[in-house]
Amino acid sequence: MKLLKQIGEILSLILCFVAFDVTVYEAVTKRYINHTSEGMQAKSVELDKYLPFDDNSEIVRINSDLKLSGELPVIDGAAALYPVFSGFVNAVYPAESVHFDGENFTAESALQYTNTRGAYKSVVDGTADIIFCAKPSAEQLAYAEENQVELEFIPVGSEAFVFLVNADNPVDDLTLEQVMGIYAGEYTKWSEVGGDDTFIEPLQRNEGSGSQTAMLSLMNGKEMKKHPLGFIGRSIGFSFRYYVEGIVGNGGVKMLSLNGAYPDRENIQNRSYPIVSNFYAVYDKNNPNPNIQVFLDWILSDEGQEIVEKSGYVAVKSS
Amino acid sequence: MSEKLFYRILLIITIIGSLSVIGLVIYTYHLQSQASIISYIANGR
């Protein structure tokens, strides 16, 4: 009898540890497992998938009469825009100007990729001549000011700022007011916005990323709050449309309509989708490189805008 | 089973169980540092 009791206690202890580990794994650990490739995990975009001058690349190719020579502007930018600016380079730069070592662009390459935060630093530090990004954060603007660099912003395309949820979430549409209310902590359960009785977990991005800056701008100074039990409920996050749809392409998430308008190209172009923002070519106003203006003029020409459109974005100059 | 053996077994299970919890927490923290918001939403509900 005593032996049976002891065995029972031993098994109970083992069961407690197993149950604890399984619960933590199912509720927390599993959600952080990243199913994307190592390239995506390291850089938010697979660089070799959109390399210029590469036969296997998925970038948009066009034949242009313009071929830049001489002092080539060094290009950098955001992950979401990498397929676009890589396409620009492919169209008008000489092939020998791009050097890729299999993982990164080398220092002498005219094409660089350091994502939004790195790119804003590079254009201020002078290691990049033109960067392609969303609007800068307050810190990025302050960094430019500290270094007495006057940045010029040329809109080269537009894109929808989207909200995404798990594909199984019954909610398909929110109003802009509801989205802002969720992020301000005014709505804490999905049932308050037409969904089921689960907590809302509003997710944010890293400080200084293009989408986090866009979200802060949308909230217009309103503090973002999160319910402490949100992590046991259903999440909502934000990004830019093409990054979600084209670059990551994860079938486990869906984009939400806002005010009844789904973020497709048509609704972006006719502006019925309510949050459409430009992305910009950004450069130092006092940069003397004469090719900067030539390159920017070409980007805004039919050829450059064709690359923007065919890469999955919306041109600023619709044909 | 003697009391001594019984408590020794409980101690070993507690040590192994605690190590597995610590391991899981470290693994989760490591995953969190490189988590993607899109994967996180897709893996959840």
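View 1. Chain A has 11 helices and 10 strands (DSSP runs numbered from the N terminus, helices being H or I of at least four residues and strands E of at least two). This is a predicted model, in which local features need pLDDT of at least 70, side-chain atom pairs count only at pLDDT 80 or more, and totals for chains, interfaces and linings use all residues. Residues are numbered from 1 along each chain as its sequence is written, while chains are lettered from A and ligands numbered from 1 in the order in which they are written. The C-alpha trace spans about 90 × 45 × 40 Å along its principal axes. Of the 319 residues, 38% count as buried (20 or more other C-beta atoms within 10 Å of the residue's own; exposed means 12 or fewer, partly exposed in between, with C-beta atoms placed from the backbone).

**View 2. The largest nonpolar core.** A nonpolar core is a set of buried Ala, Val, Leu, Ile, Met, Phe, Trp, Tyr and Cys residues joined through C-beta atoms within 7 Å. The largest one holds 84 residues, and A:Leu81, A:Ile131, A:Phe132 and A:Cys133 touch the most other members. At least three residues come from each of domain 1 (38-158 + 278-315) and domain 2 (160-269) of chain A, the bounds being from an automatic or database domain assignment.

**View 3. The loop at A:Gly195.** A:Gly195 lies in the loop between α6 (176-183) and β5 (200-202) of chain A. A:Gly195 counts as partly exposed because it has 19 C-beta neighbours inside 10 Å. A:Val171 is 24 residues away in sequence, yet 5.4 Å away in space, C-alpha to C-alpha.
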